[in-house]
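Visitor: I am new to this one. Could you show it to me and take my questions?
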Amino acid sequence: MDLSKPAALIIGGGIAGIQAALDIADAGFPVYLVEREPSVGGRMAQLDKTFPTLDCSACILTPKMVDVGRHPNIELMTYSEVVSVAPPPEGNGKRGMFRVQVRKAPRYVDVNKCTGCGSCAAACRMKGRVLSKFDEGIAKRSAIYVPFPQAVPLKYTVDPTVCLFLTRGTCGKTFLCKDACPAGAIDFEQQEEIVDLEVGAIVVATGFDLLDPRLKPEFGYGVYPEVMTGIEFERLSSASGPTMGKVVVNGKEPKDVVFIKCVGSRERQRRREQAALGEQAALGEQAALGGVPYCSRVCCMYTAKHAHLVRDKLPDARVTIFYMDVRAFGKGYEEFYDRVKHEHVLYRRGEPSEVYRRGDKLVVQAEDTMLGKPVEVEADLVVLATAITPRTDMPQVSALLGLERSPDGFFQEAHPKLRPVDSLVDGVFLAGCCQGPKDIPDTVAHAKAAASSALRVLVQQTRENS
Amino acid sequence: MALKTEPMVEQLELMGCIQCGKCTGGCPVARKTTLNIRSLIYNMLVEPELDVNAHPELWDCTCCFTCVERCPKDVRPAELVIGLRGQLVESGHIPDTIGAALTGIFRQGNPTGIAREDRMGWANGTQIKAAQEGCEVLLHVCCTPAYDPRVQVVPRALVKAFTAAGLDFGTLGTDESCCGNEVRRMGESGLFEMLVEENGELIRSVGAGRLVTVSPHCFNTFKNEYSLSGGAGEQGSGRAGEQGGRGAMEVLHYTQLMAELVEQGRLKFSNEVKKTVTYHDPCFLGKQNHIFDEPRAVLKAIPGLKLVEMDRNRERSLCCEGGGGRMWAEGTNLQERLAFQRVREAAETGAEVLAVACPFCLLTLEDAVKVQGLDEKLRVMDIMELVDLAL
Amino acid sequence: MEAQPRIGVYICHCGVNIAATVDVEQVAEFAAALPGVVVARNYLYMCSDPGQGLIQQDIEEHGLNRVVVASCSPRMHEPTFRGAAQQVGLNPYLVEMANIREQCSWVHGDRAQATEKAKALVASTVAKAFRLEPLEEREVGVVPGAVVVGGGVAGMVAALDVADTGFPVYLVEQSDHLGGRVAELNRTFPTLEPVVELLKPLVERVQNHPNITVLLNAQLTGVEGYVGNFKVEVSSPSSSTPSSSTFDVGSIIVATGYDVFDARRKPELGYGQYPNVITSLELERRLLERSLAVDGHTPKSVAFIQCVGSRDVQVGNPYCSRVCCMYTAKQSRLVRELLPEAHVTVFFMDVRTFGKGAEEFYDEAREKGVLYRRGNISEIYRRGERVVLVGEDTLQGRPIELEADLVVLAVGMEARSDVADLSTLLKLPRSSDGFFLELHPKLRPVDTAVSGVFLAGCCQGPKDITDTVAQAKAAASSALIPLIRGTVPAESATAVVEPELCAGCGMCVEVCPFGAPALDPLWGVSRINYVLCKGCGTCAVTCPSKAIRLQHFTASQILAQIDALAV
């Protein structure tokens with residue numbers, strides 16, 4: 001990296017962070033891309049196929065992940081977090097650099113030696129006993145793991161919350177992982193590292209969370225194994241997922257699949273409670289009340305896509321989507337919606353009220369507002385399109401950078417129409433869903449927009465310094 | 001009778017429907033009957049079976065195809081009505097009068113059931129060339145103009161005009177049979193396919209370059225559902241695509257040919273017809289085939305004639321309720337026919353004459369004028385009757 | 001290359017994508033026996049870091065000088081594997097890929113047959129690899145500067161970003177003012193701020209910016225050159241003294257905006273016939289002037305009809321125009337505020353209020369008394385001085401007729417009618433909806449098939465101001481990259497003329513779509529500009545003297561591939 005030039009810091013290695021990093025790095029500036037998880041890729045890596053083109057998500061994402069991993073101008077800092085950001089000193093009318101501290105958590109694996117062979121994970125005593133976060137708890141992994149096979153960097157990491165040695169001080173007589181590792185890469189002595197950086201511009205690309213469906217108990221999530229969320233369905237449907245892409249529930253292929261949209265989105269019934277919590281506290285905590293007033297923007301399309309995937313994989317299955325509106329607004333989206341309908345996906349207008357069991361089926365109860373009467377639809381699989389919410393650590397990230405939040409809990413942009421990527425802090429820019437829900441094309445555009453803003457700052461600083 | 005919905009949903013691709021309501025919204029009879037085509041489509045989608053017999057309102061549809069013209073997802077809702085009627089026909093659940101009309105067409109080639117041999121009675125003894133001998137323009141007279149005394153004046157006037165223009169034209173004489181447009185729309189697809197085959201062969205054998213019809217209904221089916229114009233039938237006729245070339249004919253409604261003759265100066269109007277006229281766009285000519293200007297051009301060419309427009313003209317012309325088999329059935333809807341409202345609208349323009357270009361419109365609108373006692377104010381005339389006065 | 005080819009072959013499992021259908025071990029074994037092959041392996045994910053590490057290790061340890069990766073389509077990972085080779089000093093053009101996924105495992109079911117086909121594909125690719133030659137990687141200098149076509153919000157924002165970064169920008173605007181369509185609006189959603197407050201500072205910044213040259217009443221009339229080195233001709237045809245100038249720039253941003261759907265194409269709605277029926281844009285003007293009277297009367301009933309010209313196969317626009325639900329919510333609210341006594345109804349099919357603050361905005365519209373009724377209005381006719389909307393309320397399940405004094409049609413967006421010229425000039429493809437086509441709908445929303453030309457705003461597809469600004473900035477970022485770097489890479493696999501064989505017939509000049517070959521005036525032989533050349537091969541197959549060689553796809557390579565398949 002050419003450190004004679006001012007650098008940029010990208011916080012978050014999902015598609016937004018990756019795109020912003022690539023644009024800035026391609027222009028010739030050094031970039032630090034800090035990602036909390038052991039691999040970059042974010043949510044997009046969890047997806048099966050993307051709408052409306054039905055491109056395999058990993059196929060279009062991994063080239064970018066690889067680019068970011070090998071780009072001469074990008075230093076990839078995974079399994080790391082930004083712990084402090086000191087604002088730049090002002091002086092002589094020029095703005096200086098942000099001083100940033102990044103904590104690189106110990107993987108307990110020497111990345112220079114690890115080849116990603118996986119022998120450690122195969123040998124681990126906890127193999128098959130740890131719920132995989134990447135697979136949304138549908139699959140299990142070992143205590144030493146990579147989040148997914150195409151991870152960048154493909155280096156193993158020991159999960160300190162479940163590793164027997166790290167939690168209890170002992171792992172049987174011998175470290176099975178160490179014994180299995182042909183490269184001698186495992187090192188439990190490894191310490192965290194604090195790295196000091198000076199950067200001229202910061203892009204925040206920390207992404208989003210999803211509503212906990214247990215906050216809507218009427219749908220039976222967590223009680224009925226046949227009820228799952230959209231993101232869980234993505235993992236189920238993924239060819240590289242826990243079931244190799246087979247849509248199987250309770251060991252059987254579902255015959256009746258029902259999709260419920262707007263689970264937690266477009267809800268206002270908790271307004272009074274939200275107001276009572278006080279404005280600041282209400283930000284982002286709305287989600288904790290089980291409902292958010294805004295539209296999550298992507299669910300209509302991903303539900304149509306899910307329905308298509310089900311019809312594709314299970315030609316005999318009956319698929320129903322319950323909806324309030326169908327928001328197929330983007331390029332090619334309405335045509336995709338038309339296509340899915342022609343594939344015999346039945347759209348029924350009406351927001352279901354509850355899901356309950358009847359024999360070995362579930363029943364989804366709703367009013368079909370086109371028929372004008374209540375209906376019950378049987379299902380073997382119910383998929384909930386849960387709301388996109390601000391990340392639970394928004395308050396901490398806000399405090400770190402001095403960022404404001406909008407009433408919906410996401411980061412506040414400088415102006416809702418004309419400055420969608422500028423935060424209210426000079427030199428700090430917003431990219432992707434941390435500013436509000438978006439689909440992939442809008443996220444990429446947003447991230448490139450943030451890069452443009454960052455580039456201006458960096459070029460200016462280059463001129464000032466020379 | 002319980003119909004399994006899936007096959008028809010599949011065949012008609014009803015899944016594309018987004019329930020926007022434009023079909024029912026624009027349906028001229030929806031206001032007067034329980035027929036709700038959007039709701040029917042939805043029921044086809046959500047229920048595994050439909051009791052077709054429980055929907056006698058299916059006979060209320062006039063097949064004006066407003067729904068088809070306007071559906072933003074190209075679902076063609078009226079085809080569902082036709083398809084469901086087909087089920088009723090198969091099970092014999094049809095109004096007697098419709099049954100009689102179908103039988104007449106089958107036996108005598110026309111819905112009145114009057115003998116085929118009498119089909120040329122309208123010509124009043126005038127010798128008309130038999131098209132089978134070869135001609136450039138084949139005139140298809142159509143059943144109602146052939147047999148109904150009120151309407152017979154129209155083909156007579158056409159003959160006079162064609163002769164004056166020096167056209168080489170002929171008719172199929174008593175070999176001519178019902179075109180089948182209404183047959184298909186009444187759900188009798190078997191009879192329709194038979195007519196398409198037999199008529200098609202006969203018409204093609206004539207070798208004429210052009211086929212001209214008196215009725216827009218015949219025009220519609222010959223143009224879009226037979227394979228006469230060189231392309232595949234669009235609306236699911238019996239034939240698959242036949243290429244153009246050999247036997248490819250131009251299919252026209254008489255107003256198109258008349259407009260051409262007027263423009264080419266082959267028709268001279270020597271008499272003045274000093275009347276204020278308003279023109280009613282027939283559904284099968286205007287709405288469905290977008291022919292709005294030619295009939296008006298003919299009227300405007302008549303010296304002394306003043307053309308005024310109704311508010312609901314062209315694409316919004318109010319269906320007279322003569323189509324879709326409604327000439328032979330009352331359906332479930334015993335309320336005032338839309339024709340009654342239509343003639344009131346015509347009268348409001350101050351016109352003396354309500355001009356039409358369709359035999360069904362002629363009959364239903366005239367009936368509406370009589371029943372409402374508007375004969376003093378308004379006279380219903382076919383365009384050719386006005387042309388006849390001008391020639 | 002003088003040395004004997006030493007080829008490494010790598011068969012990728014791609015998880016189960018390939019391995020489930022193709023017996024990858026068998027293919028690797030087969031490959032090991034092919035001429036020139038020194039190493040043959042199979043691995044789970046070749047594109048992963050360790051997968052690439054395998055290749056790099058083998059290059060170093062086994063002295064490989066050719067690499068064949070049998071995996072997915074080169075469109076996925078060709079740069080990945082080339083990069084991996086390059087990192088350890090092997091010329092990237094000595095790497096070739098065999099597509100045994102999209103062209104084999106993903107389209108065939110029979111394992112035995114798929115495996116045989118994979119073997120054939122690998123044999124063919126190895127035969128080519130045997131004959132590969134290293135190619136030069138070249139870079140071209142970039143002229144610092146950009147042209148932005150279109151002076152609406154998109155164009156202005158893109159221009160500002162590029163100019164703020166220190167590069168000269170020529171902003172070419174067809175009309176006599178900046179501001180585009182937004183200048184015709186009254187207020188924007190969801191903040192309801194007056195547009196003039198939004199636009200004025202933007203326009204002023206553009207006009208006063210030292211790096212931006214604004215050319216009004218001007219059009220693009222000629223474009224020559226290639227990324228980094230465009231010669232752009234701008235003319236002012238309409239002025240009394242027509243003039244034209246040429247600018248040398250590195251990047252071009254297209255921000256030409258959209259046309260509004262002509263509501264006369266829906267004659268059943270009575271637009272153009274009844275003064276009561278107006279379009280949403282016309283309402284904006286009236287809201288600005290605060291005059292909603294129709295024929296001197298204050299409307300008692302105002303109706304909005306959504307999706308006019310959008311989501312409508314009958315007019316050839318199956319797509320959604322994206323902004324109308326929000327602008328109708330905005331307009332209906334404002335109408336309620338201006339006419340508190342009036343009934344305001346919105347007829348819709350779906351309500352697409354998806355943006356930040358949008359759903360809340362829609363909620364507030366309804367709270368302010370706007371009635372939303374679900375049903376797409378079928379036709380409008382006159383009744384006295386009012387009009388009647390004929391439709392079905394699908395939630396009530398019955399046909400309705402609503403009398404109204406003022407009807408507002410939410411007209412959609414269409415690709416500009418005059419965009420065909422620009423399309424031809426810049427060789428920009430269009431999508432089926434008529435708007436300009438981006439390079440990849442998910443991951444490359446502002447890049448086009450033409451390097452150095454980028455899209456901003458509604459010319460690529462309908463969007464609101466917020467998304468337009470983001471996209472314009474995104475286009476600026478793409479445009480800035482070559483400008484800041486100062487160089488762009490040029491295609492290596494270009495066509496080359498053997499001068500001794502060239503007869504100077506000029507056929508290559510005629511057939512080339514990119515204007516790359518030119519006859520040297522002195523020597524009378526063709527020379528190919530390697531920067532313009534895209535390596536399509538048209539000239540090579542046209543040349544009657546076989547004087548043109550397409551590097552990386554030479555006749556001997558291709559024939560070897562075919563021969564290997566025929567065995």
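Predicted model: local features only at pLDDT ≥ 70, side-chain atom pairs only at ≥ 80, totals over all residues.

Visitor: How many helices and strands has chain B?
Guide: Chain B has 16 helices and ten strands; helices (H or I, at least four residues) and strands (E, at least two) are DSSP runs, numbered from the N terminus.

Visitor: What does its C-alpha trace span?
Guide: Along the principal axes, the C-alpha trace of chain B spans about 65 × 50 × 35 Å.

Visitor: And which domains does chain B have?
Guide: The assignment gives domain 1 (2-90), domain 2 (96-257) and domain 3 (267-390), with bounds from an automatic or database domain assignment.

Visitor: How many residues join domain 2 of chain B to domain 3 of chain B?
Guide: In chain B, 31 residues of domain 2 are in contact with 27 residues of domain 3, contact being C-beta atoms, placed from the backbone, within 7 Å.

Visitor: Which helix gives the most to the domain 2 side?
Guide: Helix 8 of chain B gives the most, with eight residues.

Visitor: Changing topic, how many residues of chain C touch chain B?
Guide: 20 residues of chain C are in contact with 23 residues of chain B. Strand 18 (379-383) and strand 19 (386-393) of chain C each supply at least two residues of the chain C side.

Key. Residues numbered from 1 in each chain as written. Chains lettered and ligands numbered in written order. Contact = placed C-beta atoms within 7 Å.
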